[in-house]
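This report walks through one protein model. It begins with charged pairs and then turns to the sheet, a helix and the core.

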Amino acid sequence: MTRTSEGERAPDDVLVALADPIRREVLTVLAREGGATSTSLAASLPITRQAVAKHLAVLDRAGLVRAHRVGREVRYEAELQPLRRTTRWMDTLTAQWEHRLNAIKDLAEGPLSPEPP
């Protein structure tokens, strides 16, 4: 797992986890419902419980879900802080590119040098 200079997970893990539409759906369901088991998630998705468990493992490695035992069941909850950090990273990247593009635009649209007499 990659770490940033502050010791946090790098956005790479989050972006890889969110690259799959099923994992995005799993995270959406967990955020909306406040938590679920792999069995209950599989009931609402077009995949098996075992496939859900594999997707949950990827989300867990990215820090996007947290598992805890309730009796005999393992319930998963969305953990959105890594998503917020990734969003901040993307906002910073966007600002840097906007700055660069504005500088190029200013150069391209700037005054032309006067022609020699």
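Arginine 66 and glutamate 77 form a salt bridge, with the closest N and O atoms 3.4 Å apart. A salt bridge here is a side-chain nitrogen of Lys or Arg within 4 Å of a carboxyl oxygen of Asp or Glu. The pair links distant parts of the chain: arginine 66 sits in strand E2 (residues 65–70), glutamate 77 in strand E3, eleven residues apart. Helices (H or I, at least four residues) and strands (E, at least two) are DSSP runs, numbered from the N terminus. The model is predicted: local features need pLDDT of at least 70, side-chain atom pairs count only at pLDDT 80 or more, and totals for chains, interfaces and linings use all residues. Residues are numbered from 1 along each chain as its sequence is written, and side-chain values use heavy atoms, with hydrogens and water left out.

Arginine 66 also meets glutamate 79 in a salt bridge, 2.9 Å from N to O. This pair, too, links distant parts of the chain: glutamate 79 lies in the loop between E3 and helix H5 (81–109), 13 residues from arginine 66 in E2. A search of the whole structure finds two salt bridges.

How exposed are the partners? Buried means under 20% relative accessible area, exposed over 50%, and partly exposed in between (1.4 Å probe, protein chains only). Arginine 66 has 41% relative accessibility, so it counts as partly exposed. Glutamate 77, at 23%, is partly exposed. Glutamate 79 is partly exposed as well, at 26%.

## The sheet

Three strands make an open sheet in the order E1-E3-E2, with antiparallel pairing. Strand E1 (36–37) and E2 stand at the edges, each with a single partner strand, so one side of each has no neighbour in the sheet. Two strands pair if DSSP finds at least two bridges between them. E2 and E3 pair in the antiparallel sense over six bridges. Arginine 69 has valine 74 in E3 as its bridge partner.

## Helix H4

Helix H4 has 13 residues. The expected span of a helix is 1.5 Å times one less than its number of residues. For H4 that gives 18 Å, and its end C-alpha atoms are 18 Å apart, which agrees. Just after H4, glycine 63 takes a positive phi of about 80 degrees.

Which residues of H4 are buried? They are Val52, His55, Leu56, Val58 and Leu59. Seen down the axis of H4, the buried residues fall within an arc of 155 degrees, so they line one face of the helix. The arc is that of the directions from the helix axis to the C-beta atoms. An α-helix has 3.6 residues a turn, so residues three or four places apart point the same way. The face of H4 turned away from its buried side carries the exposed residues Lys54 and Arg61. The buried residues pack against H1, H2, H3, E2 and E3.

Histidine 55 belongs to H4. At 14% relative accessibility, histidine 55 counts as buried. Leaving out residues up to four places away in sequence, histidine 55 touches Asp20, Ile22, Arg23 and Ile47. Contact means heavy atoms within 4.5 Å.

## The nonpolar core

The largest nonpolar core holds 21 residues. Such a core is a set of buried Ala, Val, Leu, Ile, Met, Phe, Trp, Tyr and Cys residues joined through side-chain atoms within 4.5 Å. Val26, Leu30, Leu41, Leu56, Leu64 and Val65 touch the most other members. Two or more core residues come from each of helix H1 (11–18), helix H2 (21–33), helix H3 (38–43), helix H4 (49–61) and strand E3 (73–78). H2 gives the largest share, five residues.

What does valine 65 contact beyond four places in sequence? The list is Leu27, Leu30, Leu56, Leu59, Asp60, Tyr76, Glu77 and Glu79.

Leucine 80 lies in the loop between E3 and H5. At 28% relative accessible area, leucine 80 is partly exposed. Leucine 80 and leucine 27 are 53 residues apart in sequence, and 9.2 Å apart in space, C-alpha to C-alpha.

Arginine 84 is found in H5. Its relative accessibility is 45%, so arginine 84 counts as partly exposed. Arginine 84 and proline 11 are 73 residues apart in sequence and 9.9 Å apart in space, C-alpha to C-alpha.
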